[in-house]
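Dear colleague,

Please find below the structure that I am handing over to you.

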Amino acid sequence: MYNKFSKMFTLALLCTAGLASAQSIPSPKEHFGFNIGDDYKLTTYTQAEAYYKKLAASPRTRLVDIGMTEEGRHQWMLIVSSPENIKKLAEYKDISRKLAHAENLSPAEAKKLAAKGKAIVWIDGGLHATETVGAHQLIETMYQLVTRTDEETMTILNNDIILLAQANPDGQELVSNWYMRNADTLKRKLDIPRVYEKYVGHDNNRDFYMMNMKESQNISNQLFVEWIPQIMYNHHQRGPEGSVLAGPPYRDPFNYVFDPLIVTSIDGVGAAMNNRLNTENKPGYTQRNGSQFSTWWNGGLRTTPYFHNMVGLLTEIIGGPTPEDIALVPDRLIPNGATPNPVVPQKWHFRQSIDYSVSLNYGVLDYASRNRSNLLYNIYQMGQNSIARGHEDHWTFYPKYVQAIKDAYNKDKKDTGGEKSEGEFSFGSESGIPAKYFDAVMKKPELRDARAYIIPANQSDFPTAVRFINSLIRSGIRVEKATSTFTSEGKTYPGGSYVVSTAQAFRPHVIDMFEPQDHPNDFAYEGGPPIRPYDAAGWTLAFQMGVKFDRAMSEVTGDFKQVPYGEIQLAPKLSIASAKTGYTISPKQNNAFIAVNDLLKAGAEVYRPTTGTTGDFYVPASAAAKTVLSKSAADYGLMVSSATSKPSGLTKISPSRIAIVDVYGGSIPAGWVRWLMEQYHYGYTMIYPNEVDAGDLNKKFDAIILVTGIVPMSDKPAASSRYFDRMPKAEDVPAEFQPWVGKVSIAKSVPMLKKFLEAGGNIVTIGTSTNLAYHLGLPVKNQLVEAGKDGKDKPLPGTKYYIPGSLLTVSLDTKQPSNWGMTDQNDVLFDRSPVFKLEAGAEAKGIKPLAWFPTATPLHSGWAWGQAYLKDGVAAFEAPVGKGKLYAFGPEITFRGQSHSTFKMLFNELYGQKK
């Protein structure tokens with residue numbers, strides 16, 4: 001009776017305090033002049049920021065500046081809970097972190113902390129700024145949590161600590177200003193002229209294991225270092241046609257490195273969300289195979305948390321400020337496990353999406369409130385499981401191992417004349433096979449998971465390895481640094497090397513960053529087409545960055561110092577010796593290109609060989625050279641050698657005038673290259689197709705970069721085009737953006753690009769923009785074709801060949817200047833990329849293969865159905881065109897700012913040479 005009375009009394013006090021607080025907080029309409037969700041109305045970030053500060057007057061809140069954005073705005077996170085909890089945020093944060101790390105904590109101690117702690121729930125909005133529901137539901141949710149006094153809200157505030165964050169402030173400012181600029185509401189559109197994150201637009205949700213962008217760093221610091229919430233909820237658009245939204249649980253496959261509690265916990269929270277909408281008579285929720293979303297991939301705002309034992313939630317809802325219609329999709333009208341409560345065709349308004357989103361938020365918060373101690377203990381349990389797996393012999397069930405079991409059994413049955421085991425489409429009708437086949441594969445010592453990964457300090461590009469280490473540290477991974485020389489499994493490593501143990505709570509993320517992904521063969525039905533992954537199939541970051549590491553199969557011991565969680569590492573601070581003659585710099589170091597660009601800007605001379613050798617840079621001794629190189633050695637860990645004499649056969653290099661071709665609305669790959677140019681201190685100019693079509697390109701530029709998606713196969717718009725469907729008419733946009741409207745065409749643009757090449761310009765094409773080679777009539781053709789019934793070549797069908805985003809190994813000619821600094825074998829990011837076959841006489845015309853597939857099994861990480869078709873195919877080549885050169889790179893050599901190991905293939909082409 002006493003406990004019941006005490007709870008009622010506490011609730012009454014909270015309600016009284018809440019009522020007083022609510023009376024001092026203006027409603028959204030009082031602040032913005034309209035209700036959140038009113039048709040044709042959007043709020044800018046500047047307006048929202050001012051409202052956040054008014055909400056911060058409530059004792060239920062604390063407003064936290066989590067960092068600056070790429071455009072220099074403050075990124076705010078509003079923490080909402082009961083006033084009592086707000087006073088003890090530091091204590092509850094500490095509990096959350098201790099349970100998540102699960103270090104030196106017994107189950108009994110964890111139970112006590114879980115009983116004492118509060119459920120930490122992250123809710124964001126606005127990451128993809130044209131998906132306007134996200135930013136606006138966030139404001140409405142904040143307001144309701146801060147002002148409501150009903151029993152459910154008060155209970156949530158007592159049990160939960162809610163972290164509410166705008167994920168892309170710059171984007172909200174751009175999109176809302178653009179939409180609201182027209183007084184005529186019927187003319188308001190979201191056809192913004194550039195990407196809604198300064199550099200990478202939609203790919204801001206592809207940056208959460210690399211964390212190149214400032215917003216990604218800010219968010220990741222809160223998720224993986226500061227708070228480590230048990231649940232995070234990422235709001236997006238847009239729902240599948242014929243539904244209102246897609247949400248959890250998601251379709252298979254899920255990633256095999258997860259703890260099973262992640263999968264079942266997503267199911268539990270997803271059921272609560274779906275139930276909430278059904279209770280409120282809000283139909284149209286689809287899940288599992290009702291949408292494309294899975295839990296396989298790492299790198300998104302809601303997917304990277306899975307690898308940190310967090311329940312990551314994503315919903316994709318319809319709606320926006322301009323009313324729309326829900327389409328009729330007859331097959332979605334039949335209730336099933338994917339869509340148990342179908343929605344009927346109707347007019348849909350912005351406020352409906354806001355109301356749905358708030359209901360979903362409350363469904364998640366209510367679940368967290370009711371399951372508070374379980375959520376806290378479960379994240380501890382998952383961490384404990386990971387630590388135990390890292391300390392013992394453990395085998396992960398990868399498809400390749402399961403296939404090896406089947407193959408061994410089928411071989412024996414074939415030898416004895418028995419039946420083979422069933423295939424992957426036997427749908428539960430399989431019969432068992434003897435356990436010896438399991439033991440023969442899953443107990444092989446060499447197939448065990450690693451106990452640790454060692455990153456030696458004496459590798460040729462250690463500063464890039466430190467960048468990799470920092471990506472782990474930003475993600476909350478525990479890293480140790482050797483304070484002296486140590487030995488592991490017979491190999492000696494220098495002090496300064498890093499060790500990453502798998503015996504830690506976030507082991508799934510560690511494994512995922514070092515080991516190959518093994519995506520299953522995922523087809524609609526046996527013999528049918530492949531099911532496209534939600535994003536990449538393989539992405540192993542250590543491979544992409546070219547980091548040299550060793551897998552330790554036993555415990556690694558030595559004099560190690562643990563890097564404090566979240567403490568960013570610097571490359572070793574080096575110095576250079578005085579040189580009377582000059583200096584040499586190896587291009588194996590990516591940071592060499594920063595130094596070279598700084599040298600050229602400072603007026604220092606830089607030379608390079610004409611052909612062959614390793615392509616080292618030579619810098620004659622001078623005061624300017626010493627100043628720049630001393631800074632590069634100290635700030636970037638650049639290794640610089642003194643030269644006793646000037647090498648022969650050198651040419652003086654100069655900075656190229658670089659153009660990057662962009663399009664109206666913004667090319668995301670072009671944005672990544674723009675960012676990359678700034679990181680490595682290149683000058684550049686963004687140009688648009690109309691400027692290409694105007695000609696006279698050689699007067700302004702020496703090199704032009706054409707990223708994937710810019711050069712079409714034909715002038716006929718493709719149904720799947722990234723850009724054509726959002727290209728407005730020039731007269732419909734402000735005058736300052738009208739020159740941006742247009743597209744690269746075969747009829748107008750290619751002749752101008754050809755003239756540019758013939759007059760001595762260089763063009764670098766990446767991905768599908770290597771189509772330019774065909775339009776120029778070069779003697780190359782598509783490798784990935786077969787003869788049709790009419791005898792003409794046609795693309796290989798998906799049933800025979802399909803390689804979504806994956807890492808493949810190519811061979812390279814490292815004596816070619818284009819490949820200087822590269823290794824003779826290297827992984828490339830391949831995403832249904834072009835592959836070429838040189839026609840007879842191509843090499844006689846000066847066409848040189850730069851990278852090729854020497855084997856029928858180049859897959860290193862991901863999924864490559866029919867990879868044998870790649871054998872002997874050319875992945876990259878250079879071709880003379882008049883006085884200039886065309887460089888064609890089929891793989892994505894600058895992929896999302898992650899593929900550091902192939903950056904040099906672009907950088908090498910960006911200098912002029914003069915004998």
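**A buried serine**

Ser749 is buried, its relative accessible area being 0%. Buried means under 20% relative accessible area, exposed means over 50%, and partly exposed lies in between (1.4 Å probe, protein chains only). Please note that this is a predicted model, in which local features need pLDDT of at least 70 and side-chain atom pairs count only at pLDDT 80 or more, while totals for chains, interfaces and linings use all residues. Residues are numbered from 1 along each chain as its sequence is written, and side-chain values use heavy atoms, with hydrogens and water left out.

Ser749 belongs to helix α23 (residues 749-758). Helices (H or I, at least four residues) and strands (E, at least two) are DSSP runs, numbered from the N terminus. Leaving aside neighbours within four places in sequence, Ser749 is in contact (heavy atoms within 4.5 Å) with Val692, Asp693, Lys743 and Val744. The side chain of Ser749 also reaches the backbone nitrogen of Ser745, at 2.9 Å.

**An exposed aspartate**

Is Asp872 buried or exposed? Asp872 is exposed, with a relative accessible area of 54%. Its place is in the loop between β35 (859-861) and β36 (874-881). Apart from neighbours within four places in sequence, Asp872 has contacts with Gln783, Phe853 and Pro854. The side chains of Asp872 and Lys871 are joined by a polar contact of 3.4 Å. A polar contact is a pair of N or O atoms within 3.5 Å; within protein, one must be able to donate a hydrogen and the other to accept it, and residues adjacent in sequence count only if both atoms are side-chain atoms. The C-alpha atoms of Asp872 and Ala856 are separated by 8.2 Å, and these residues are 16 residues apart along the chain.

**Salt bridges**

Side chains of opposite charge can pair when their charged atoms come close. There are 38 salt bridges in the structure; a salt bridge is a side-chain nitrogen of Lys or Arg within 4 Å of a carboxyl oxygen of Asp or Glu.

One of them joins Glu226 and Lys93 (2.8 Å, N to O). This pair links distant parts of the chain, with Glu226 in helix α10 (residues 214-226) and Lys93 in helix α5 (residues 89-101), 133 residues apart. Glu226 is partly exposed at 22% relative accessibility, whereas Lys93 is buried at 19%.

Lys443 forms a salt bridge with Asp439, with the closest N and O atoms 3.6 Å apart. Here Lys443 is exposed, at 51%, and Asp439 is partly exposed, at 33%.

A salt bridge also connects the side chains of Asp550 and Lys491 (2.8 Å, N to O). Asp550 is in strand β17 (residues 550-552) and Lys491 in strand β15 (residues 491-493), so the pair ties together parts that are 59 residues apart in sequence. Asp550 is partly exposed at 22%, and Lys491 is partly exposed at 39%. Elsewhere, salt bridges that share partners join Glu71, Arg73, Asp170 and Arg194 into one network.

**Two packed helices**

Helix α6 (residues 107-116) packs against helix α13 (residues 372-391) at an angle of about 145°, the axes being 8 Å apart. Axes are lines fitted to C-alpha atoms, for helices over the stretch in contact, and angles run from 0 to 180 degrees between N-to-C directions. Residues that meet include Pro107 and Ala110 in α6, and Leu376 and Tyr377 in α13.

Yours sincerely
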